Every structure is written in C-alpha cells, then in structure tokens.
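I opened a new structure today and kept notes as I went. Here is what I looked up, in the order I wrote it down.

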Amino acid sequence: MTTFLNKATANDSSPTPGYLYEEIAKFAHGSYENNKKVIGFLSSRLQNKSAHVKWKVLVVTRQVAIKGPAAFKHEFTREHLGDVKTCLSFSGPADPLRGDEYSRRVREAAAAAIEALTSDGPRQINGPRMVGIGNHSYGGGEGGGMG
C-alpha cells in the first residue's frame, strides 16, 4: 500500500491517477489498522514543504473522506484538521512560469478537504424534484375539472 500512497503523493506536477484514490479508499476500509496507516502516512506527507505534495495529499484526503470509511473522517478530523486548516493560507515560492498557481491549488484543495472531512454525508443537489407518473398534481381544485 505504501507504493500506492507514494505514487499518489509524488513530488511532481502530474495529477494522481484516479484508480489510486479507489485503491487507497479500499485499503482504508480493510481494517482499523489500515485506516490508521493511511491517516499516518497522509498526515506525515502533509508536513512536506512542496506545494505538489501538499496538493496531492489534500486531494487524496478528500477522496478517502468521501469514499473511505467513516472512521477515516472522524480520526483524521480529530487528529489533523488543524494541519489541513493551515494549508488554507499556504504560500510557497512562486513558480517562474505559473506564478502562484501551485499555492492557489493547495489552498483550494484544503478547502475541499475540510468540506469533505466535516460534512455529514454526500452532498445534496438542490434542484427540481423528480416527477413521475402519479407523483404530481394538475391543480384545478376539487373534482379536478369534472363538473
């Protein structure tokens, strides 16, 4: 599993392959010990000064908070939420080509991770209610227009 975690949080600008999120979440679901290993690894990698590593750790944290066990959210929030909140104001050295882009990505990923860690469940989508046969009214008062 360490191989997956190392690949997912590598110190480069390439995005983490999506299948790694699934593998890490499955591993965390495996047992309480596995969950603690993932938390320990991510929290130690979050201390890295690299914007690339911080960004990837925060994205993995968000994904595991969404797809992993509830214990992940509880334990990570209890032990390391302060570290994630610190990333909300992250400002690393400016890149010669991209400027503040990498630091901005860390700050945005921190906000998304905090939302995932502190939410009670999946996001609710607000929109019109789905209507099916017999699941709506036509109005018209009593008698439905029959007279």
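**Entry 1: handedness.** Before looking at how helices cross, I wrote down the term: a crossing is right-handed if the near helix is turned clockwise from the far one by less than a right angle, and left-handed if anticlockwise. I also noted that this is a predicted model.

**Entry 2: helix 2 on helix 4.** With that term in hand, I checked this pair and found that helix 2 passes helix 4 in a right-handed crossing. Helix 2 covers residues 18-30, and its axis is 9 Å from that of helix 4, at an angle of about 55 degrees. That angle makes helix 2 oblique to helix 4. Which residues meet here? From helix 2 I listed Tyr21, Glu22, Ile24, Ala25, Ala28 and His29, and from helix 4 Val59, Val60, Gln63, Val64 and Lys67. Sorted by class, this contact has seven nonpolar, two polar and two charged residues.

**Entry 3: helix 3 on helix 4.** Next I took helix 3 (residues 32-46), whose axis comes within 9 Å of the helix 4 axis and crosses it at roughly 150 degrees. Angles over 145 degrees count as roughly antiparallel, so helix 3 is roughly antiparallel to helix 4. This crossing is left-handed. On the helix 3 side I found Leu42, Arg45 and Leu46, which meet Val53, Lys54, Val57, Leu58, Val60 and Thr61 of helix 4. The classes here are six nonpolar, one polar and two charged residues.

**Entry 4: a lysine in helix 4.** I then picked out Lys56, which sits in helix 4. Is Lys56 buried or exposed? Its relative accessibility is 2%, and buried means under 20%, so Lys56 counts as buried. Leaving out residues up to four places away in sequence, Lys56 touches Ala8, Thr9, Ala10, Asp12, Ser14 and Thr16.

**Entry 5: the whole protein.** Last, I stepped back. I counted six helices and zero strands, and of the 147 residues, 37% are buried. For contacts between residues at least 6 apart in sequence, 67% join residues at least 24 apart.

Technical notes:
Residues numbered from 1 in each chain as written. Predicted model: local features only at pLDDT ≥ 70, side-chain atom pairs only at ≥ 80, totals over all residues. Heavy atoms only, no water. Axes fitted to C-alpha atoms, helices over the stretch in contact; angles between N-to-C directions. Helix = DSSP H or I, 4+ residues; strand = E, 2+ residues; numbered from the N terminus. Parallel < 35°, antiparallel > 145°, perpendicular 65-115°, else oblique. Contact = heavy atoms within 4.5 Å. Nonpolar A, V, L, I, M, F, W, Y, C, P; charged D, E, K, R; others polar. Buried < 20%, exposed > 50% of the residue type's maximum accessible area, 1.4 Å probe, protein only.
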